[in-house]
Amino acid sequence: MGTPRKASLAVFLLLFVALCHGATSANKKTTYIVHVAKSQMPESFEHHAEWYASSLKSVSESAEMLYTYENAIHGYSTRLTEEEARLLEAQDGVLAVLPETKYELHTTRTPLFLGLDKSSDLFPASDSSSDVIVGVLDTGVWPESKSFDDTGLGPVPSTWKGTCETGTNFTASNCNRKLIGARFFAKGYEAMLGPIDVTKESKSPRDDDGHGTHTASTAAGSVVTGASLFGYAQGTARGMATRARIAAYKVCWIGGCFSSDILAAIDRAILDHVDVLSMSLGGGSSDYYRDSVAIGSFAAMEKGILISCSAGNAGPSPSSLSNVAPWITTVGAGTLDRDFPAFVSLGNGLNFSGVSLYRGNALPDSPLPFVYAGNASNATNGNLCMVGTLSPEKVAGKIVLCERGVSARVQKGAVVKAAGGLGMVLANTAANGEELVADAHLLPATAVGEKAGDAVKKYLFTDAKPTVKIDFEGTKVGIQPSPVVAAFSSRGPNGLTQQILKPDLIAPGVNILAGWSRAVGPTGLAVDNRRVDFNIISGTSMSCPHVSGLAALVKSAHPEWSPAAVRSALMTTAYTAYKNGQKLQDSATGKPSTPFDHGSGHVDPVAALNPGLVYDLTPEDYLGFLCALNYTEGEIQSVARRNFKCDAGKAYSVTDLNYPSFGVVFESSTGAVKHTRTLTNVGPAATFKASVTSDSPLVKVSIVPQVLSFKEGEKKSYTVTFTSSGASPHGNAFGRLEWTDGKTVVGSPISISWF
């Protein structure tokens, strides 16, 4: 008799648990960003904040607003259940209720490499160059860094409306005439992950990570002589725009960067009157009306602010880009002509070149026993040197070969050291190919490419008593070819709108020396007790602030230019070939790179000052672009914060957006596609002639007219027709269109795709 009762009790308990779980998940609150049509506020409310509070209260008694937004979007952020969010979205005047998105963070030699050292007389030394303000959204700032010394700078620009916020280990006196503003935004972060633990990170603009100090000093750091990391890259460190001012907006914390905080920072930066916004962060790719960075950037662009963002570090996979909105400047990464060689000498006499920034106790001169991590571990992924996977008895007193992947490169070295290993050779796999990224390892270590790694493995598998030596060679400059596109740099095509060719351009992003936080070691690992004033790191996070600072330089020379004109100048003057005429190379393949890798090419700031002609754009042009995407009124209002009706009688086309590059898309193997463009003359009166090259004989390109004569300041339009007689067997083809007056070349990359 007892069994059925037990069974029914079990069923009841299961049902009870399921119901409780359902109730819990239904009641689980998460952060939402509420986009509102401000113009639809009922007359019964005096202020939109009252309306927001009232509509929020109608769906949730307990919900509170985290932020209200005035500039980046119209609306607010709050914590709601799924059901409450659905009810709120159904209300009149509410355009969209979007869940919080988490974003991730993606030099001494650089100014010399870019030609800024010998061309300083071209850049204004007047007040105009020190009136430009670069806002950096990142992990905050280490104000004591010499990169933020304000010696020689005049008063803070009168246009500046920002402030220096106080908090953990940070006061208003930490700002000066260089670092003119510092704010922090944590409400979204704390709402998702709980209160900030001030024993682990500062609830203030102070940078405990290093990334924000590095990006800010790269963009606009002051000149610092005698800078280096442990003697590597010794020389003078300087930002791209040494006289520009810096405003730091801390939006990234240990747990990531949240869209509600990023929007609040953009909102504030617009009010503070920054001229350039630098964001070395990304979070995948979603429609423009759902992407907080894209939406906030649209508002900033309308106020004349240029937005520079990192393309992402998901290369060399195709379509791996972040931040592809056409009003954002999307920056990929290239190498410098500087390297940090560290050679691997095997017991069989073979030698391989690697790279390292290790500085510490030297290894003995004699060869040491050598072991493959996969053979010194019981774990299936022992070759990756993950925490706790190496057997000390097989590693102690030896150098270990580890393979890249999953965990941080420097952490693998820490694992080897903890197991008693004396050193490490870190081998690339197919995912990284031959690209070498230098690190300040915690033990003697060097990184080698995939081919060298395979040869070293073969030796380890075939020699009964393998040995190895690592020799550290310091800093070498004049490395050729350079630049090459970094393998990690995210690639096109643009996954959202293929007619907008992205990335826009590349800039230095490999082994970049810049300022660092003294709250953390150069590796960022908890076990790293070393403290440095400068660090060498890599990523599109590093290339983005190069372009932000260069945009500030161009803006200081041409204060009347729009963000689109500044970007156009940087793009159309970028170079795609070395001085010997060979095309730029791709580190991932060792072959010539394409516009999907390098965009318009590698930035050339000296040429960008006098581009001859620019492709300009207005906010209204971007609205036409949104119409061409068939966005609804509500979707357009989410992006542009205004009532805008697409003209039913007008034929909108994405190919009419006045972009400085061409993304040509054929819906079938044959047909014709037209792109229209308008050029503005920003130089003296001149006559420009057009020429075009293409690597596909299947596509005929015609330009009408082929000659344009300009007066000073004049605008002239032209049409390019691409006619396909068949699809390329490779799926893509590339070309280049150039206008020249015999002195200045205005270049545009072309990508051609068939579907």
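Modeller: Contact here means heavy atoms within 4.5 Å. Before using that, two notes. This is a predicted model, where local features need pLDDT of at least 70 and side-chain atom pairs count only at pLDDT 80 or more, while totals for chains, interfaces and linings use all residues. Residues are numbered from 1 along each chain as its sequence is written, and side-chain values use heavy atoms, with hydrogens and water left out.

Your spot is threonine 389, in the loop between β20 (368–372) and α10 (392–395). Helices (H or I, at least four residues) and strands (E, at least two) are DSSP runs, numbered from the N terminus. With a relative accessible area of 13%, threonine 389 is buried; that word means under 20%, exposed means over 50%, and partly exposed is in between (1.4 Å probe, protein chains only). Leaving aside residues up to four places away in sequence, threonine 389 touches Ala376, Ser377, Asn378, Ala379, Asn381 and Gly382. A polar atom of the threonine 389 side chain also lies 2.6 Å from the backbone oxygen of methionine 386. That is a polar contact: a pair of N or O atoms within 3.5 Å, where, within protein, one must be able to donate a hydrogen and the other to accept it, and residues adjacent in sequence count only if both atoms are side-chain atoms.

Further along sits another loop, between β21 (399–403) and α11 (409–418), and valine 406 is in it. Most residues other than glycine have a negative phi, and most peptide bonds are trans. As for cis peptide bonds, one runs from glycine 315 to proline 316, with omega near 0°, and another joins valine 704 and proline 705, with omega about -10°. Proline 316 belongs to the loop between β15 (306–310) and β16 (329–334), and proline 705 to the loop between β35 (699–704) and β36 (707–710).

A salt bridge is a side-chain nitrogen of Lys or Arg within 4 Å of a carboxyl oxygen of Asp or Glu, and the whole structure has 25 of them. In one, arginine 409 and aspartate 439 meet at 2.7 Å, N to O. Arginine 409 lies in helix α11 and aspartate 439 in the loop between β22 (423–427) and β23 (445–448), so the pair ties together parts that are 30 residues apart in sequence. Aspartate 439 is buried at 9%, whereas arginine 409 is partly exposed at 26%. Arginine 530 pairs with aspartate 528, the closest N and O atoms being 2.9 Å apart, and aspartate 528 is buried at 1%. There is also a network of salt bridges that links Glu165, Arg183, Arg268 and Asp272.

Arginine 736 and glutamate 738 form a salt bridge at 2.7 Å, N to O; arginine 736 is buried at 16% and glutamate 738 partly exposed at 25%. Strands count as paired if DSSP finds at least two bridges between them. Nine bridges join β38 (residues 732–740) to β39 in the antiparallel sense, with leucine 737 standing opposite serine 748. Four residues separate β38 and β39 in this hairpin, and glycine 742 in the turn has a positive phi of about 95°. β39 also pairs with β32 (residues 662–666), parallel this time, over five bridges, and phenylalanine 666 has tryptophan 754 as its bridge partner. Nine of the ten residues of β39 (745–754) are buried, so β39 is largely enclosed by the rest of the structure.

Last stop, towards the start of the chain. Four strands make an open antiparallel sheet in the order β2-β3-β1-β4. β2 (65–69) and β4 (94–99) are at the edges with a single partner strand each, so one side of each has no neighbour in the sheet. β1 (residues 30–36) and β4 are antiparallel and share five bridges, and valine 34 stands opposite valine 97.
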